[in-house]
Amino acid sequence: MATGVSGSVVKPAAVRGLTRSFGDRTVLDELDLDIEPGQFVALLGPSGCGKSTLLRILADLDQEVSGDVRVAERRAVAFQTPRLMPWKRVWRNVVLGLPGRPDKERAVAALEEVGLGHRVEVWPKVLSGGEAQRASLARALVREPDLLLLDEPFSALDALTRIRAQRLVGELWRRHRCAILLVTHDVEEALLLADRVLVMRDGRIGYDQEVDLDRPRDVTDPAFVALRAELLSWLGVGEGSAE
Ligand SMILES: Nc1ncnc2c1ncn2[C@@H]1O[C@H](COP(=O)(O)OP(=O)(O)OP(=O)(O)O)[C@@H](O)[C@H]1O
Ligand SMILES: [Mg+2]
């Protein structure tokens, strides 16, 4: 199998026949997936279906797999919790792990982009939940990824902060034009942000739908409402659901 493949890869992600088992439980079963440059993809699916498993593999955090996994070399990941190092100031967290000397200017620029220009020197414990999540986004962006992997980055935020964070990710995507794979449980969030929505089922991508709605999107638009109903039905929670 090939993973973490080089810059010769044209697509941010190209996955063929990906299988991952834990003991005798097969979580990903011959999964195929392509993500195009600059595409914003949302990934939904019931709890435990393998979304984070897939994301971890794409982030090269799990190599115990079979199949062919090709991923852009420049990729970054942000998780449900910000995972900042408490003993490093915020700006140092942002550039942590980058090659060379810690580049404060780069860190400051990324923090300003996410509205944290005033939090450069503080310790992570001083940040609110939403601020810490934005710092985690800055840490991902500073890597100038071709593929940004986001695993439920807003789920721990309160409703208002969540809306702001969603808007911020939409803006950052428009500016940077990196491909994004966003794992979320929120159908509305997926349809507000993504070009394409996937639902995992039985270890594969069971549903793959382009979201061809004008931006900014309106949750009351009949086309939006229809897509939401279809997705909910696919997830087995809508009226007259497929389950
Ligand atoms: N390291 C591991 N060892 C054993 N089982 C694991 C491991 N990681 C994941 N699993 C199992 O694989 C399945 C898929 O887990 P995963 O975390 O990918 O689900 P998920 O779709 O992200 O769920 P959620 O929406 O709840 O986050 C689960 O049954 C989980 O228990
Ligand atoms: Mg998960």
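## Ala156 and its contacts

Once residues up to four places away in sequence are set aside, Ala156 touches Gln80, Thr81 and Gly129 in this predicted model. Ala156 and Thr81 are 75 residues apart in sequence, yet their C-alpha atoms are 7.5 Å apart in space.

Ala156 belongs to the loop between β6 and α5.

## Helix α5

An α-helix has 3.6 residues a turn, so residues three or four places apart point the same way.

Helix α4 has 13 residues and reaches 18 Å from its first C-alpha to its last, close to the 18 Å expected at 1.5 Å a residue. It is mostly covered, for twelve of its 13 residues are buried. The buried residues include the charged side chains Glu131, Arg134 and Arg139, along with Ala132, Ala135, Leu137, Ala138, Ala140 and Leu141. Among the elements that cover the buried residues of α4 are β5 (75-78), α2 (90-95), α3, β6 (147-151) and α5.

The largest nonpolar core of the model has 70 residues, and those with the most contacts inside it are Val94, Ala138, Leu147, Ile180, Leu181 and Ala194. Helix α4 (residues 129-141) gives the most to this core, with six residues. In soluble globular proteins, nonpolar side chains tend to be buried together. For Leu181, the contacts beyond four places in sequence are Ile35, Val41, Leu43, Leu55, Leu58, Leu147, Leu149 and Leu150.

Which residues lie around ligand 1? They are Phe22, Val27, Gly45, Ser47, Gly48, Cys49, Gly50, Lys51, Ser52 and Thr53. By class, this shell has three nonpolar, six polar and one charged residues. Its largest share, three residues, comes from helix α1 (residues 51-58).

## Leu28 in strand β2

Leu28 is found in strand β2 (residues 25-35), and it counts as buried because it has 23 C-beta neighbours inside 10 Å. Neighbours within four places in sequence aside, Leu28 is in contact with Leu18, Thr19, Arg20, Gly50, Thr53, Leu54 and Gly203. Of these contacts, Gly50 and Thr53 are also among the residues around ligand 1. The C-alpha atoms of Leu28 and Leu58, 30 residues apart along the chain, are separated by 13 Å.

## Backbone features in the loops

Most residues other than glycine have a negative phi, and most peptide bonds are trans. Asp60, in the loop between α1 and β4 (66-71), has a positive phi near 65°, and with 15 other C-beta atoms within 10 Å this residue is partly exposed. Asp202 also has a positive phi, of about 50°, and its place is in the loop between β8 (196-201) and β9. With 11 other C-beta atoms within 10 Å, Asp202 is exposed.

A further backbone feature concerns the peptide bond from Arg215 to Pro216, which is cis, with omega near -5°. Pro216 lies in the loop between β9 (204-210) and α7 (222-234).

Definitions and conventions:
Residues are numbered from 1 along each chain as its sequence is written. Chains are lettered from A and ligands numbered from 1 in the order in which they are written. This is a predicted model: local features need pLDDT of at least 70, side-chain atom pairs count only at pLDDT 80 or more; totals for chains, interfaces and linings use all residues. A nonpolar core is a set of buried Ala, Val, Leu, Ile, Met, Phe, Trp, Tyr and Cys residues joined through C-beta atoms within 7 Å. A residue is buried if 20 or more other C-beta atoms lie within 10 Å of its own, exposed if 12 or fewer, and partly exposed in between; C-beta atoms are placed from the backbone. Helices (H or I, at least four residues) and strands (E, at least two) are DSSP runs, numbered from the N terminus. Two residues are in contact if their C-beta atoms, placed from the backbone, lie within 7 Å. A residue is near a molecule or strand if its C-beta atom, placed from the backbone, lies within 6 Å of it. The expected span of a helix is 1.5 Å times one less than its number of residues.
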